[in-house]
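Colleague: I'd like to learn how to read ring contacts and strand faces in a model like this one. Can you walk me through a few cases?

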Amino acid sequence: MAENGLLHHEKVLTIDTMNPNVKRVEYAVRGPIVQRALQIEKELKEGVKKPFTEVIKANIGDCHAMGQKPITFFRQVLALCSYPELLEDNKFPEDVKNRARRILQACSGGSIGAYSASQGIELVRRDVAQYIERRDGGIPCNPDNIYLTAGASDAIMTMLKLLVSGEGPSRTGVMISIPQYPLYSAALAELAAVQINYYLDEEKCWSLDVSELRRALEAARKHCRPRVLCIINPGNPTGQVQSRQCIEDVIQFAAEENLFLMADEVYQDNVYAEGCQFHSFKKVLFEMGPEYSDKLELASFHSTSKCYMGECGFRGGYMEVVNLDPDVKVQLTKLVSVRLCPSVPGQALLDLVVNPPQPGEPSYGTFIKERSHTLEVLAEKAKMTKEILNQVPGITCNPVQGAMYTFPQIQLPPKAIAEAKEKGQAPDMFYCMKLLEEKGICLVPGSGFGQRDGTYHFRMTILPPTEKLKIVLAKVKEFHQSFTAQYS
């Protein structure tokens, strides 16, 4: 509107006019406590005196940021793919050169700077399919069912977009574990889907009980239409590894209740506990016979960001779909084409993960040594973390069977809980914020992942180097004791 020749302009996009679903999105892993940690780091650089000299971020599964070393073979091949002139350099082993040439030949224009097909480079999809067949003992995998993605998160969000529909009581309900990885609750908030919580059993090492799935499902049917069951195995943030029997029970439940099953398996190489083993949902599904394998709809996800690779920044990953309706598959392909293609360097990296050096090749020995060392050190740190935390009165930590995190329960004095509520904070957020301010340790409060009412937790990654992890654990122990004394 013009007045005296001047335009009065009101902003089109305000907090009141923006998409209300976005305002409901929360992502604790990079939430306010992490923002404060970044501020403290800046203050330390500016010379502000603190009771510590550095902030140790144990809040996120960012392997290389925590000091994990990249796999030499992966980085060598990617270097040659990025700068093909290095193919003439005799410093690189022949298998590295051959692999780089193979990937470049599969790229448009022989360059990883070119777009790929929206579903991903065909050569890489074929290699992923062969990897899945080897992993699952020969169960067939069709490359046409493989979608390459920008990490697993991108694929999970894409599948949820396809699955969420309806209004009111017919709105799609999605079953997610509590505690959960906040990607799921954030995605459901953005899509205005109904979140259906089922609780893992902390007393039984965060195990999954089908009776709890059934309870959650029946309660949810009163206000939405449950259509999807999400499973994270090995677990994040809880570190449990599901038994084969548990996976069978989940598949049977999903089939009986006509649910679409989403299996987040990004930590499949991260299994540490004796007697635990990773079983893919795809493998168990097909071993249960055609009664299940011909009918149950399944999407499973893997990533280059975790396991022994830890290459979070390359954003590589894949999704395999099983028994997807052909017409829906056309829509899925259309949907992924809107974002053109996943990162091509990420696709190249994924190809190396699913097709690593083989016995007899020049890089094989170094690859096996580096891979084994990374996983062995993680296993040692998983054991150490549980043992040290359980020495602290008021902290109870389950075994870290797999993945990269521990999710211990903390006992908080009533006075601390009351003060937190006065400040408008969740009690475990209050605890973690004080830990950050007093000790320089950045953890994520359990309230960001979900937990049973009246219980409090924090998530801590086991990724810091062993000596630094010992410092983190010692500071947590010291803080918990002083915090408890202060508020008792």
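Colleague: Let's start with F430: is F430 buried or exposed?

Modeller: Buried means under 20% relative accessible area, exposed over 50%, and partly exposed in between, with a 1.4 Å probe and protein chains only. F430 has 4% relative accessibility, so it counts as buried. Keep in mind that this is a predicted model, where local features need pLDDT of at least 70 and side-chain atom pairs count only at pLDDT 80 or more, while totals for chains, interfaces and linings use all residues. Residues are numbered from 1 along each chain as its sequence is written, and side-chain values use heavy atoms, with hydrogens and water left out.

Colleague: How many aromatic pairs does a search of the whole structure find?

Modeller: Rings of Phe, Tyr and Trp (its six-membered ring) pair if their centres lie within 6.5 Å; planes under 30 degrees apart are stacked, over 60 edge-to-face, and the rest tilted. The search of the whole structure gives 14 such pairs. One of them is F430 with Y487, edge-to-face at 5.9 Å centre to centre and 75° between the planes. F430 is in helix α16 (residues 427-439) and Y487 in helix α17 (residues 466-487), so the pair links distant parts of the chain, 57 residues apart. Helices here are DSSP runs (H or I, at least four residues), as are strands (E, at least two), numbered from the N terminus. Y487 is buried too, at 6% relative accessible area.

Colleague: Which parts does the pair of Y431 and F483 tie together?

Modeller: Y431 lies in helix α16 and F483 in helix α17, so that pair ties together parts 52 residues apart in sequence. The two rings are edge-to-face, 5.0 Å centre to centre with 75° between the planes. Y431 has a relative accessible area of 0% and is buried; F483, at 1%, is buried as well. F430, Y431, F458, F479, F483 and Y487 make up one aromatic cluster.

Colleague: F458 is in strand β16. Which residues are on each side of that strand?

Modeller: In a regular strand, side chains alternate between the two faces of the sheet. In β16 (residues 458-461), F458 and M460 are on one side, R459 and T461 on the other, and all are buried. Strands pair if DSSP finds at least two bridges between them. Strand β12 (residues 405-406) pairs with β16 in the antiparallel sense over two bridges, with T406 opposite M460.

Colleague: Which ring does the charged end of R459 sit over?

Modeller: The test is NZ of Lys or CZ of Arg within 6 Å of the ring centre and within 35 degrees of the ring normal. For R459, the ring is that of Y405, with the charged end 3.9 Å from its centre.
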